[in-house]
Each structure stands twice: as C-alpha cells, then as structure tokens.
Amino acid sequence: MFFNKISSFITKLKLTSSRIILLGFAVPILLGTVLLALPISSSSGLSIGWLAALFTSTSAVCVTGLVVLDTGTDFSHFGQMIILLLIQIGGLGFMTFSVLIAVIMGKKIGLKERLLIQQSSNSVTTQGVVRLSLNIFLISFIVETTGAIVLALRWAHELGTTRSIYYGIFHSVSAFNNAGFGLWPDSLSRYVGDPLVNIVISFLFIIGGIGFTVILDLYRKRRWRALSFHTKIVLITSGLLCMAGFLVIFAIELFNTKTFSTLSWSERTWAAYFQGVVTRTAGFNSIDIGAMLPASQFFMIFLMFVGASSGSTGGGIKTTTFAVLMLSIVSTIKGKTDVQLLKKRISQDIIFRALAVMTISLGVVLTATFLLSITEYAHPKDFLALLFEATSAFGTVGMSMGVTPELSPLGKCIIIITMYIGRLGPLTLALALAQKNVKQKYRYPEDKLLIG
C-alpha cells in the first residue's frame, strides 16, 4: 500500500517528522535539477548547467521566483512546464499530493500518516487533515482555473488564443503559489497601469498568501464574529501591512524620477498598490525594483521579512508571528502581564515560539548577507542590494534589485540554501518547538537580570 510503504520506509530510517518534511522538499528539488539540466529543457537545445538548474529548481520548489536565467526565453516549453510542476508541488506540499494519490487509489491513511500531514500542513490537530488536504486541492484548482481563464481572455487579443491560454495558466499557478515566475523578461511592467491584470494577479497571490485554513474558515462561517481567532489576526495584520505598503511606496516613489515620473496618476496608483501588496509574498514587479529609492527598497525588505501567513504558499516569519511580537511589545510598554487582543489572551508558549522564529530568521538573513558580502568581493555590489537579495530568498518572495544573475557560483549557492531554509525553516522550527515540554524534576532559583 502507498502510505504503508512510506511508513515502513520512515520507520526503518527512524526519521522525525521535521526531517521527513525536509526530505520531502529536497527530493523534488533534486529531480527538478536533473530534468532542467537536460538539453530538452533549454530553448537553445544545450544544457543550462547543473548550478543554474539547481538554482531554478530550488527557486521553483521553494516558490521564490529568483532566477539566473529568463524563464520565457531561456527555457523551452518542456522546461517551463517542469518549472510550473515544481511550483505546484512546492506551493501545496508533497504530503498534499500524497494524500490525493492515496485517495484516488483507495488506500487507507493511518494515524502516523495523519500526524505527518498535520505537521506538513501546519494544522492544529489531526482531525480533518485528510479533508483539509483534499480541500487544498479543490481550492487551488478553482482559484487557479478562474485566474487562468480571466488572464487568457485579457491576453487573447495580443497573444492569440493558444498562447494566451498558456500564459494565463502559467501566471495564474505562479501567482497563486506566490512563486513570482513570469514569462516576460520585465515581469509585469508592461501592465503597470492595467486594472484587470493588477487585480487578478494580486487576488491570486493574496488568496494563496493568507492560508488555506483561513480560506476554509471564511467560506464556512462568512461572518466576522464566527471566524476563528487565527483568521481574524491574519486578516487584520495582512490588511494593515498591505495598506502600509501601498501608502509608503506611493509617498516615497512619488518623488522618484526613475520610476513614477513617466507614469500617469492612474498608473502611479496601480504601481504603488501592486508593489506594496506583492512585496510580502510573490516576486512579480510592475516597476523596476533596482530603480526605486533606497527608502522604498528598505521598507520592502521589512515587508519581505514578515512575509505571508501560516499554512499558506508564502514564506517569511509569517503575519501571525509579527502580530504576536508587536502585541507583546505593546503589552510590555503598558506594563501588562498578559498579551491580549479581541478579548483573547495569547499564551506564553506562543509568544516564546514567535520570538524564537523571528530571532533565528533574522540570524539567517544577516548570515546570508554577511556571506554574500564576502563571496561578491571580487565584483562589489551595493550592500542594500545584497540584503535585499538575502531577504527575498529567505522570505521566498523572489524580488531582486538585478543582482541575481551576476552572483558568483558561491553566491548562488548561498541563495539556494537561504531559499531552502526560508521555505522550511520557520515551519520546521515551529513544529520542533510545538512538541510537548519535557517535565523537569527540579527548577533552579530565580534571580534578577537587567534588561534594556
């Protein structure tokens, strides 16, 4: 049986759930590398090389969007379809696909497998995890199909029927999974003022970025009072970050002659909206990121670091982690012992986990930036650009100030590792910290320590 074989294999290797998740994403990356390195995957008929193949495969599976080659011109249709498949697997998770295969084959899913599905999907309980996995497929199919149809109709008059359908499917899947891969060299800059393209693409990556549990909660309850505490926190935090992104970028770039000066007021509004919203999740861009002012770029680094929401296709430390940390700071300043919001109290365990996720994530980004500043010494690059690149890789966003193709081989390897950690690090860390506490036989005496 399918899942029995998986269980037997796991038992023999004595793998923990966190290691299984790591392995589950490493396998498609390696398989994708082999397929993308084949001459048939290249538009030139020649192999793109192992490093470029590994970089592209990792970026696709980790739904990042950073590229060393142009997806639309350097890869053949076969290579592009491999990238699209890797994006779908990486966005939804390998265990979700395993559940679908098991259900189709009529196989039974036991308790061990349900526990693994629970951890891989970041669910609170094992109850209903199989149904959740199937709902994830259903939601993805409905949303991606709807987006593909609308985009295909929009592009039909300029690309033709067949090509518009292909482009619609590719960009819809890429957007919903927060991957940011595009088939145009300038991403979506040619549609900077197009309301339909901006709305559809942003709708796709916002839906994919708020998390499947939130989507299901909204669908089932449909009233604010009935929504779960998690859903309310995600919606409030995501809304505030989107609004902040739009207002800050619009206000700063309004004085930038390299980005907004050639745009009409309508195009400026759409550009500010799109870049302000897309920065936390997907790697599309409608204006040149490298031409933006340093203040905008630095603020985008903050948005990329926060990222999407738990249980979604996006990365970052997650909106809930950011919300918990901000609420903790406010409570400390006010001298309160409890962290409260919406008449609910947040437990100390969650606060400590949020602090650990943020601290380790910050350490990963700073370490990657430090290493990049060493490996790129032969061809010096702006420090802000390297920090932007490292944060984009960790947050699995995929935006770049144009330095990705210019990175040295060692620099590309650093970004590959950062993308992998970014896709799995915070999740794996949360799962590890969520284990039951070991009861201590004794406690040391408490003492005072000066802070601040």
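Rings of Phe, Tyr and Trp (its six-membered ring) pair if their centres lie within 6.5 Å; planes under 30 degrees apart count as stacked, over 60 as edge-to-face and the rest as tilted. With that in hand, welcome to the close-ups. This is a predicted model, in which local features need pLDDT of at least 70, side-chain atom pairs count only at pLDDT 80 or more, and totals for chains, interfaces and linings use all residues. Residues are numbered from 1 along each chain as its sequence is written, and side-chain values use heavy atoms, with hydrogens and water left out.

**View 1. An aromatic cluster includes Trp155 and Trp184.** Five residues to look for here are Trp155, Tyr166, Tyr167, Trp184 and Tyr191, which form one aromatic cluster. The ring rule gives a count of 13 aromatic pairs. In one of them, the ring centres of Trp155 and Trp184 are 5.0 Å apart and the planes stand at 80°, so this pair is edge-to-face. Trp155 belongs to helix H8 (residues 129-159), while Trp184 is in the loop between helix H9 (161-176) and helix H10 (195-210), so the pair ties together parts that are 29 residues apart in sequence. Helices (H or I, at least four residues) and strands (E, at least two) are DSSP runs, numbered from the N terminus. Both Trp155 and Trp184 are buried, a word that stands for under 20% relative accessible area, with exposed meaning over 50% and partly exposed in between (1.4 Å probe, protein chains only).

**View 2. Trp270 and Tyr273 pair within helix H13.** These two residues are three apart in the helix, so about one helical turn separates them. Their ring centres are 5.9 Å apart with planes at 80°, which makes the pair edge-to-face. Trp270 is partly exposed at 21% relative accessibility, and Tyr273 is partly exposed at 24%.

**View 3. Two arginines sit over aromatic rings.** A charge counts as over a ring if NZ of Lys or CZ of Arg is within 6 Å of the ring centre and within 35 degrees of the ring normal. The charged end of Arg222 is 4.9 Å from the centre of the Tyr219 ring. For Arg268, the charged end sits over the ring of Trp265, 4.7 Å from its centre.

**View 4. Thr259 is a buried loop residue.** Find Thr259 in the loop between helix H12 (229-253) and helix H13 (265-278). Its relative accessibility is 6%, so Thr259 counts as buried. Its side chain makes a polar contact of 2.7 Å with that of Glu253 and another of 3.3 Å with that of Asn256. Such a contact is a pair of N or O atoms within 3.5 Å; within protein, one must be able to donate a hydrogen and the other to accept it, and residues adjacent in sequence count only if both atoms are side-chain atoms. Leaving aside neighbours within four places in sequence, Thr259 is in contact (heavy atoms within 4.5 Å) with Glu253, Asp288, Ala291 and Met292.

**View 5. Helix H12 crosses helix H15.** The axes of H12 and H15 (residues 319-334) come within 9 Å and cross at roughly 90°. Axes are lines fitted to C-alpha atoms, for helices over the stretch in contact, and angles run from 0 to 180 degrees between N-to-C directions. The two helices are therefore roughly perpendicular to each other; angles under 35 degrees count as roughly parallel, over 145 as roughly antiparallel, 65 to 115 as roughly perpendicular and the rest as oblique. Among the H12 residues that meet H15 are His230, Ile233 and Leu241.
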